[in-house]
Amino acid sequence: MKKYVLDLKVTSAERIHEKYVLLKLTHDAALPEMLPGQFVEVRVDDSPTTFLRRPISINFVDREANELWLLVAVVGDGTRKLAHLSVGDTLNCVLPLGNSFSLDVPQIASEQATSRPHILLVGGGVGVAPLLYYGKWLRKHALEPVFLLGARTGNDLLLLDEFRKYGQVYVTTEDGSAGEKGFVTDHSILAQGGFEWISTCGPKPMMMAVARYARRANIRCEVSLENLMACGLGACLCCVEKTVKGNLCVCKDGPVFNIKELLWE
């Protein structure tokens with residue numbers, strides 16, 4: 001896909017949590033095509049300690065409003081600077097980058113006896129971000145995903161009302177303050193089985209646990225990796241992941257990989 005360097009204007013900057021900010025961005029022209037699972041590299045201006053762009057997952061694309069949503073976790077100087085953006089400010093972005101979640105689900109569904117395969121989207125922490133746009137894409141193609149979202153506490157669960165627009169939502173919290181207590185892989189819905197497809201994004205230990213569950217149950221599974229990235233174009237090699245095909249750059253060859261490609265076990 002063609003890549004663009006665009007100055008996007010902030011239309012909304014909402015602090016949805018003490019650690020997270022939801023930025024909505026627009027452009028004078030129509031935003032370019034973006035696929036679920038892809039990401040952008042944002043330039044952080046006026047930060048003396050931030051020299052490189054920051055990779056941020058595409059959270060959502062609202063075509064009617066011509067808006068791109070970015071869910072930003074405030075973890076360092078660069079993201080703290082992004083958290084202080086205001087309506088009318090400009091954010092320079094390189095987009096879209098990387099590959100996408102699988103887009104051949106409708107084709108596979110048409111080849112199977114059942115018209116609606118059971119699709120599970122599993123997210124943890126800020127890793128829930130790319131699953132919202134994927135959920136929208138699946139619903140647009142007459143598929144209804146099930147979301148399984150995990151967090152430390154109920155207060156840390158993000159954008160639940162948005163996820164409920166596109167499928168059933170189940171949650172886990174480590175302290176039991178919302179949903180079932182434990183990790184996402186402890187949720188009772190996994191014991192029920194019946195899923196034919198899993199896509200997941202979040203902390204690596206969580207994704208590895210989901211991958212183990214998928215392997216045991218013989219379920220097709222893909223993960224969106226969150227390796228450290230600098231250039232976003234496969235030049236700096238800081239995001240390399242060992243795979244069955246050799247060392248691959250997550251930013252260019254991913255960030256989405258089928259678990260069969262990874263040397264996790």
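Gly-125, Val-128, Leu-149, Gly-150, Ala-151, Asp-156, Leu-157, Leu-158 and Leu-160 line the largest cavity. A cavity here is a set of points on a 1 Å grid over the protein atoms alone where a 1.4 Å probe fits but cannot get out, and lining residues have an atom within 4 Å of a point. This is a predicted model, in which local features need pLDDT of at least 70, side-chain atom pairs count only at pLDDT 80 or more, and totals for chains, interfaces and linings use all residues. Residues are numbered from 1 along each chain as its sequence is written, and side-chain values use heavy atoms, without hydrogens and water.

Strand β9 (residues 146-151) gives the largest share of this lining, three residues. Six lining residues are nonpolar, two polar and one charged. Nonpolar covers Ala, Val, Leu, Ile, Met, Phe, Trp, Tyr, Cys and Pro; charged covers Asp, Glu, Lys and Arg; the others, Gly among them, are polar. The space amounts to about 40 Å³, a volume filled by probe spheres set on grid points joined across faces, edges and corners.

The second largest cavity also holds about 40 Å³. Its lining includes Leu-120, Val-122, Thr-185 and Tyr-213. β8 (119-124) and α6 (204-217) each supply at least two of the lining residues. Eight are nonpolar, one is polar and none is charged.

Now the whole chain. Buried residues (under 20% relative accessible area, 1.4 Å probe, protein chains only) make up 54% of the 265 residues. The C-alpha atoms fill a box of roughly 50 × 40 × 35 Å along the principal axes.

Key
1 Å grid on protein atoms, 1.4 Å probe; cavity = no way out; pocket = protein on both sides within 12 Å on 5 of 7 lines; lining within 4 Å. Helix = DSSP H or I, 4+ residues; strand = E, 2+ residues; numbered from the N terminus. Buried < 20%, exposed > 50% of the residue type's maximum accessible area, 1.4 Å probe, protein only.
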